[in-house]
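My notes follow the structure.

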Amino acid sequence: MSFKSFIKVSSDGTSWTSYTGGGSTGTMNLTYGNGAWYHSYNGSSIKKSTNNGQTWSNITGISYANYGIGYGNGKLIVADWRGVINISNNDGISWKTRFSYSFSQGGNYLYDVVWGSDKFIVVGNKGMIISSTDGDRWDLNDSGVGKTLYGVTYGNENFIAVGASGVIT
């Protein structure tokens, strides 16, 4: 099965316009920060748009399939299938690896990133939850579940993570 990357844009949530996302495979996640949209796709790069998704340019320096992407406190965070978290302090111009984790039985996938309540949260395989207040130092947190967490969001002063087999933490 092959997925083509596409983007739908709406200013009112009712009428939608389609644009090509620029990737050869499906878009995984999307974030906004510092006047630009960023999307990761299941290929090996990050794309950036400064005109509300009409056109996308490549961000270099990331060379693995990236799933999670988030923006907060002036930092762009990317999480990938190897269990690696990369950070850019300059909107994707340069990158530094800030976290790397290997599960003893494989499956290092990190799927989503969110910024809220002055911290980043990253979720992934086997109930992995990783947090950071500055993007440089990361802490492993026990979710209490062994199932994969695919998504995380922040709102109403709460983080909510969702995952496999109906898991919500």
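These notes cover a sheet, a hairpin and a surface patch.

Entry 1, the model. I noted at the start that this is a predicted model.

Entry 2, the sheet. I looked up the order of the strands and found an open sheet of four, β11-β12-β13-β14, with antiparallel pairing. I marked β11 (110-116) and β14 (139-142) as the edge strands, since each pairs on one side only. From one strand to the next, I read an average twist of 25°. As background, I wrote down that strands of a sheet pair through backbone hydrogen bonds, either parallel or antiparallel.

I then followed β11 to strand β12 (residues 119-124) and found six bridges in the antiparallel sense. Here I noted G116, whose bridge partner in β12 is K119.

I turned to strand β15 (residues 149-155) and strand β16 (residues 158-163), which run antiparallel and are joined by six bridges. Across this pair, I found G151 opposite V162 in β16. I counted two residues between the strands of the hairpin, and I noted that N156 takes a positive phi near 50°.

Which residues make the nonpolar surface patch of about 270 Å²? I listed I160, V162 and I168. I placed I160 in strand β16, and V162 of β16 is the residue I had already found opposite G151. Is I160 buried, exposed or partly exposed? I put I160 down as partly exposed, because its relative accessibility is 42% and partly exposed lies between under 20% for buried and over 50% for exposed.

Definitions and conventions: Residues are numbered from 1 along each chain as its sequence is written. This is a predicted model: local features need pLDDT of at least 70, side-chain atom pairs count only at pLDDT 80 or more; totals for chains, interfaces and linings use all residues. Side-chain values use heavy atoms; hydrogens and water are left out. Two strands pair if DSSP finds at least two bridges between them. Patches are made of residues with over 30% relative accessible area and no salt bridge: like charges are joined within 9 Å, nonpolar side chains (Val, Leu, Ile, Met, Phe, Trp, Tyr) within 5 Å. Accessible areas come from the Shrake-Rupley method with a 1.4 Å probe; for residues, only the protein chains shown count as cover. A salt bridge is a side-chain nitrogen of Lys or Arg within 4 Å of a carboxyl oxygen of Asp or Glu. Buried means under 20% relative accessible area, exposed over 50%, partly exposed in between (1.4 Å probe, protein chains only). Axes are lines fitted to C-alpha atoms, for helices over the stretch in contact, and angles run from 0 to 180 degrees between N-to-C directions.
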